[in-house]
Every structure is written in structure tokens, then in C-alpha cells.
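Have a look at the structure first.

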Amino acid sequence: MSVVTAAADQSVCTPLPVLGKDVTVPLVTGGEVTYAALDYAASAPALQRVWDDVAAYAPYYGSVHRGAGYLSQLSTDLFESSRKTVAEFLGCRADDQVIFTRSTTDSLNLLAAVVPADCQVFVYETEHHASLLPWRDARVTYLNAPRTPAQAVETLERALADRDPYGPALVCVTGASNVTGELWPVKELAAAAHAHGARIVLDAAQLAPHHPVDIDDLDVDWVAFSGHKLYAPFGSGVLAGRADWLQDAEPYLAGGGASRKVARRTDGGVDVEWHSTAARHEAGSPNVIGVYSIASACKALTEAGFDRLVAREQQLVTRVRAGLAEVPEVKVLSLFGDDAPRVGVISFVVEGWNSSHFAAALSAEYGIGVRDGLFCAHPLVRTLLGSDPQDPGECGAPEAEPGERSLNAIRVSFGAGTPDEHIERFVRAVKELVNKGAQWKYRTEDGRCVPDRGAAQV
Ligand SMILES: Cc1ncc(COP(=O)(O)O)c(C=O)c1O
């Protein structure tokens, strides 16, 4: 898969308005700055448009599916039209189902619960834990970390060639890594999976907010993503794709909404007829605000011109990577190499620094919010760091010796709402911290590295 590149710079747009863009935070060194939210890969700020749509709908909020009243019907229409909007956003096929869940984790656990009993699952060790871990009841093959997109396809081809050709099989792969931001060759992997009679689910948690996803064009069987990474932080997610395994399985949750008819049996038990539509796996009162907010975000990204947003984000990626490349102490983590297409998610380590210390200083001294750690992709980050898988890393002894391996990494991530100034501030901050050191002392508190407010300035 290739990143949409700016055909011409005039097609590049300005950042989309997001909530919190004017929020100021205190600096440990004195004064305040506007907060630079550079942790989009964890949770992106809400789009102003999403917030406005939700606020406009909120007075009309009503129970979905069950109510006879006007607002219930209005809310039901909104809920069901949101499903259509998401289906269009993902380029769903006519017979695909769009199921609303809580998150990507929930979506992948739902799929894991409905795979046929004898299903063989193939998953790369490089996946986020949400894709790596839900397949406990299936026969799972963990594929080794590939070092090129072509190797990813070869590894899968080999594994699938060795599988039992008669049973069902599922491949699970991320669209964009939450650690390196690198794009995976989804279309090629889907072709390989299908050639061997397997199905494929795309974990689009990091892809969907940064790049158009077309389920039909990619020819994947399912797509999962989360609202809170797509500028819609109201607690909903999506699983979209093939209906058959979903319809054949027991409901993910048993309860109202999933059942069409329930009756007592003469022997004292209960007979249930479950829905065969998306409702089968949406038992309980749905999160209509969460669902509507996702639909609103899908519309906002489409109407802004997703390709233009991608083009602008690519400029920011180039700026960050160029800035980091000017600092010899910085090592950017990569599986597929410098030329790999990637989204606005970049992880790195700084020689001589503990990553928690570095991230804490970015926050306390520059008002920049990044993330440090292993990013719920422990096997991948440890592979990239070449570190001891058992060692959790400590902030208590912040400065590693030059040349010593860091035990965790720093991740900067951004997207449609990121102004240039946040990127410029980040690049300047990295250079200043590396060249001049932190201006404050830091200590560990409840496992987090924090400024030592009792200490004198360095
Ligand atoms: C690639 C990837 N998959 C899945 C998830 C899980 O998403 P959520 O926490 O919204 O369930 C994440 C979250 O960071 C992710 O980055």
C-alpha cells in the first residue's frame, strides 16, 4: 500500500480545528505554553466538528431501537444512518456488516469469539496486543517480524502453504504500525491469504485516522478501528466486513437487542431466536453518541479531502524525520527501513537518555505530550531495541551510559489537527535536550518519571 502523496503542494490543507488547541499548561521552569498534543496514536483530540455535531444532537438524544417517541425514532434513524456513513467511509461491499463495538480491542475480541472452532489464525509477532492476544481459543501461529514488506508477504505465504488446507484460516494484520508508523502491504497480504483459502482482518486502528481505507479495494474480509483515535472520543469502535462467520456464531453478548424472540419452553427452559444482522452482536443499549461521533468524524475527514490531509501529514512526517536525523544521538525505530511509506507515528530512542526521562522533560519543560514505553507492542519494541525482554526499564537511574541500549522508547504521533508549530517546537526541544540537557531534576513517582519539585533547577 502506498501513501497518497501530495500531487501538488496547493492540494495541501491547513489543520482541522480540534478541541484543546488553545489549552495552556504550566512549565516546570515557569510560565505557560499551549499544549502540544503529540500522542495521537494513543488518542487523538476530538475534531471541533465532531463536538459540534454531538452538541447539536444532544438535546434530541433518546433511546435507540425500542422507543415509540419522536426522539427515540430520531435517535434510531441517526444510529442506523451512522452505520451507512461508516460503511461508505470504509468502502464496504453490499453484503458487509458494520457492527458497533467499544474499540478496536473489542472488535478484534468479537471476531476472535466468532471464528469457527477449528480456525487457524496467523498473526505477526509485531502486532499491537489487541491483535496479538485475542485468539486464545484458536490455533495460533505467530509469524516472525519481517524486515521488508516483501518479506512479510513471503513469511505469510510460507506459513499458509504449510497449513491444513481444509480448515478455515484467518490472518490478522495491522495497516499501520502503532510503533513505527510504517504501512504494511495489506493488499498483497490479502491476496496471499485468499490464494491459500484464508481470510484476513485488518487492524486499522492506526491506519483509518491517517489514510483512506477501502475494504473492497484492499480486498480484506474485516476492518476494525476505534473512534477515539479517529477524532471521536466517545467510547465506540467498529468491526466491519463479511457477515457469514458473524451470523453463524453465538452472540458476543447475550441480551436485549441481540434477540428477536424469546419464549419459555414447556420444559422450563428458554428458547431464543437471535438476530442475524449486526444487532446479533450489539446486545444492550447502544452508545448512540459514540456511534454518531464516529459517523461525524468520517464525514469531516471525507469532506475536508482525506487525500489533502494525508499530503499535509506527510509534510509533517518529513519535517520530524529530517529534524531527528540532524541529532546523531537519536535513533528512529524502523522495521522496513527509511524509504518505507509511513503515517504520523514515529518512535525513537536517544543515546544517553532513559526514554521516560526524555518524555517527562518534553512535557515539563516544553508542554509537549508524547508517550514513552513499549506501546502495547512489547515483542515488536523489544525486537527493535534489541533489549532484554524481561527488563521493564526504570526512570530512577535516568541517564543511560552512551551507547547503552534503552529499555523503552519515545513515540511522537500527530495527525489532522496538528499545527506546524507543535512539530517545530518538538524538533527544537529534542535538539535542546540532547545538546544542553534537561533544565530540571526528575525522579520516579508511582512508576512515572516526574519533575522533582523539591529540587533546585539544574
Ligand atoms: C495498531 C493498534 N491496534 C489496536 C489498538 C487498540 O485500540 P483500542 O485501545 O482503541 O482498543 C491500538 C491502540 O493503540 C493500536 O495502535
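## Around the ligand

A polar atom in the side chain of K229 sits 2.6 Å from an oxygen atom of the ligand. Keep in mind that this is a predicted model. On its own the ligand would expose 390 Å², and the protein buries 88% of that.

In total 14 residues surround the ligand, and T105, D203, S226, H228 and K229 are the closest. Sorted by class, that shell holds nine polar, three nonpolar and two charged residues. Here are polar side-chain distances to the ligand:

| Residue | Ligand atom | Distance |
|---|---|---|
| D203 | nitrogen | 2.5 Å |
| H228 | oxygen | 2.6 Å |
| K229 | oxygen | 2.6 Å |

## Helix packing

Now for the helices. Two packed helices are described by the angle between their axes and the distance between those axes.

Take helix α9 (residues 288–304) and helix α10 (residues 306–325): they pack at about 80°, and their axes are 5 Å apart. The range for roughly perpendicular is 65 to 115 degrees, so α9 and α10 count as roughly perpendicular to each other. On the α9 side the contact is made by L301, T302 and A304, while α10 brings F306, R308 and L309. Those contact residues split into four nonpolar, one polar and one charged.

How does α10 pack with helix α13 (residues 420–436), and at what angle? The angle is about 10°, with the α10 and α13 axes 9 Å apart. Angles under 35 degrees count as roughly parallel, which therefore makes α10 roughly parallel to α13. From α10, the residues R312, L316, R319, V320, G323 and L324 meet D420, I423, E424, F426, V427, V430 and K431 of α13. By class, the α10–α13 contact has seven nonpolar, one polar and five charged residues.

Definitions and conventions
Residues are numbered from 1 along each chain as its sequence is written. This is a predicted model: local features need pLDDT of at least 70, side-chain atom pairs count only at pLDDT 80 or more; totals for chains, interfaces and linings use all residues. Side-chain values use heavy atoms; hydrogens and water are left out. A residue is near a molecule or strand if one of its heavy atoms lies within 4 Å of it. A polar contact is a pair of N or O atoms within 3.5 Å; within protein, one must be able to donate a hydrogen and the other to accept it, and residues adjacent in sequence count only if both atoms are side-chain atoms. Accessible areas come from the Shrake-Rupley method with a 1.4 Å probe; for residues, only the protein chains shown count as cover. Ala, Val, Leu, Ile, Met, Phe, Trp, Tyr, Cys and Pro count as nonpolar, Asp, Glu, Lys and Arg as charged, and the others, Gly among them, as polar. Axes are lines fitted to C-alpha atoms, for helices over the stretch in contact, and angles run from 0 to 180 degrees between N-to-C directions. Helices (H or I, at least four residues) and strands (E, at least two) are DSSP runs, numbered from the N terminus. Angles under 35 degrees count as roughly parallel, over 145 as roughly antiparallel, 65 to 115 as roughly perpendicular and the rest as oblique. Contact means heavy atoms within 4.5 Å.
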